[in-house]
Amino acid sequence: MTQDDLIYFKGWFADYTRSYYTSDREDQKNILLKVEHTDNVCRNIVAIAEGSSLEGNQVRLAETVALFHDVGRFRQYTKYKTFRDALSINHGLLGSKILIEEKVLQRIPGDEQKLIIQAVKFHNAFAIPTVLDSTVGLFLKLVRDADKVDIFRVFIKYYESPREERASATAFGLPDTPEYSKLMLSCILNKQVASYSNIRTENDFKLMKLSWVYDMHFKESVRLLQERNYVNGIIGKLPQTEDILAAMEVFREYISQRLYSGQDK
Ligand SMILES: [Fe+2]
């Protein structure tokens with residue numbers, strides 16, 4: 001694909017998302033949240049791809065995957081008024097269907113179309129499916145990392161803004177009480193990615209976000225998180241109890257190791 005293709009896709013995306021704008025303030029806030037998120041994921045993916053020595057066409061393809069990764073969110077939100085897949089629809093799968101339905105990718109080679117569609121389809125899978133070929137795998141790793149890096153930004157912004165300005169769909173409307181579950185903490189201690197199904201409070205949500213670092217593939221992504229102080233930003237918003245502090249020590253040690261080992265996963 002060419003640079004012109006990328007420019008065309010960006011124009012298409014801008015028009016498409018604008019068609020979902022609404023006069024309802026709350027809904028508009030949630031729609032704009034995803035437009036802004038997409039913009040940031042695009043920037044993150046270019047930084048991660050270039051920081052991991054990818055070039056030219058691969059960087060353009062990566063940026064296209066980022067641009068379309070959440071294209072399903074707009075129809076999802078408009079129809080179900082939530083970003084929670086479990087309560088509505090799988091937004092990755094929906095996004096891949098929209099790209100096909102709208103014939104957005106027609107102007108680029110068939111193998112590149114397929115690659116982008118597959119990457120959008122599986123970007124939100126709990127783990128990367130093993131059946132996919134290695135090129136799709138590479139772009140999936142890139143978009144999943146770039147997505148996670150930006151989700152940290154979204155959450156920090158959410159917690160730092162006054163309650164009445166928070167976009168309601170960000171933290172899934174969970175109770176903001178001092179509790180947190182031991183299961184979430186054990187995920188941090190065991191270096192496991194926590195799943196959505198076990199979250200009960202906003203603190204669980206914060207712990208789950210942190211656990212996502214264990215699923216980051218590129219060292220460059222972890223470096224971006226550190227550079228922007230996102231990890232400390234979330235840790236600072238957890239209750240500073242003894243067991244949380246102990247888990248955070250393990251967590252910080254893991255991050256240092258990733259940064260010093262110089263390896264991608
Ligand atoms: Fe997504």
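**View 1. Lys 81 and Asp 27 form a salt bridge in this predicted model.** Their closest N and O atoms are 3.5 Å apart. The two partners come from distant parts of the chain: Lys 81 sits in the loop between helix H4 (72-80) and H5, while Asp 27 belongs to helix H2 (residues 25-51), 54 residues apart. Lys 81 is partly exposed at 45% relative accessibility, whereas Asp 27 is buried, at 12%.

**View 2. Here Asp 5 meets Arg 107 in a salt bridge.** The closest N and O atoms lie 2.7 Å apart. Asp 5 is in helix H1 (residues 3-18) and Arg 107 in the loop between H5 and H6, so this pair ties together parts 102 residues apart in sequence. Asp 5 is buried, with a relative accessible area of 7%; Arg 107, at 43%, is partly exposed.

**View 3. Asp 215 and Arg 144 join their side chains in a salt bridge.** The N to O distance is 3.4 Å. Both residues are buried: Asp 215 has a relative accessible area of 15%, and Arg 144 has 4%.

**View 4. Three protein donors surround the iron ion.** His 91 is in helix H5 (residues 91-101), and His 123 is in the loop between helix H6 (110-122) and helix H7 (134-160). Both histidines are buried.

**View 5. Met 248 is part of the largest nonpolar core, which has 83 residues.** Along with Phe 68, Leu 210 and Phe 251, Met 248 touches the most other members. Helix H7 supplies the largest share of this core, 14 residues. Beyond its neighbours within four places in sequence, Met 248 contacts Ile 188, Leu 207, Leu 210, Ile 235 and Leu 238.

Key. Residues numbered from 1 in each chain as written. Predicted model: local features only at pLDDT ≥ 70, side-chain atom pairs only at ≥ 80, totals over all residues. Heavy atoms only, no water. Donors = N, O, S within 2.8 Å, 3.2 Å for Na, K, Ca; no water. Helix = DSSP H or I, 4+ residues; strand = E, 2+ residues; numbered from the N terminus. Buried < 20%, exposed > 50% of the residue type's maximum accessible area, 1.4 Å probe, protein only. Core = buried A, V, L, I, M, F, W, Y, C linked by side-chain atoms within 4.5 Å. Contact = heavy atoms within 4.5 Å. Salt bridge = Lys/Arg side-chain N within 4 Å of Asp/Glu carboxyl O.
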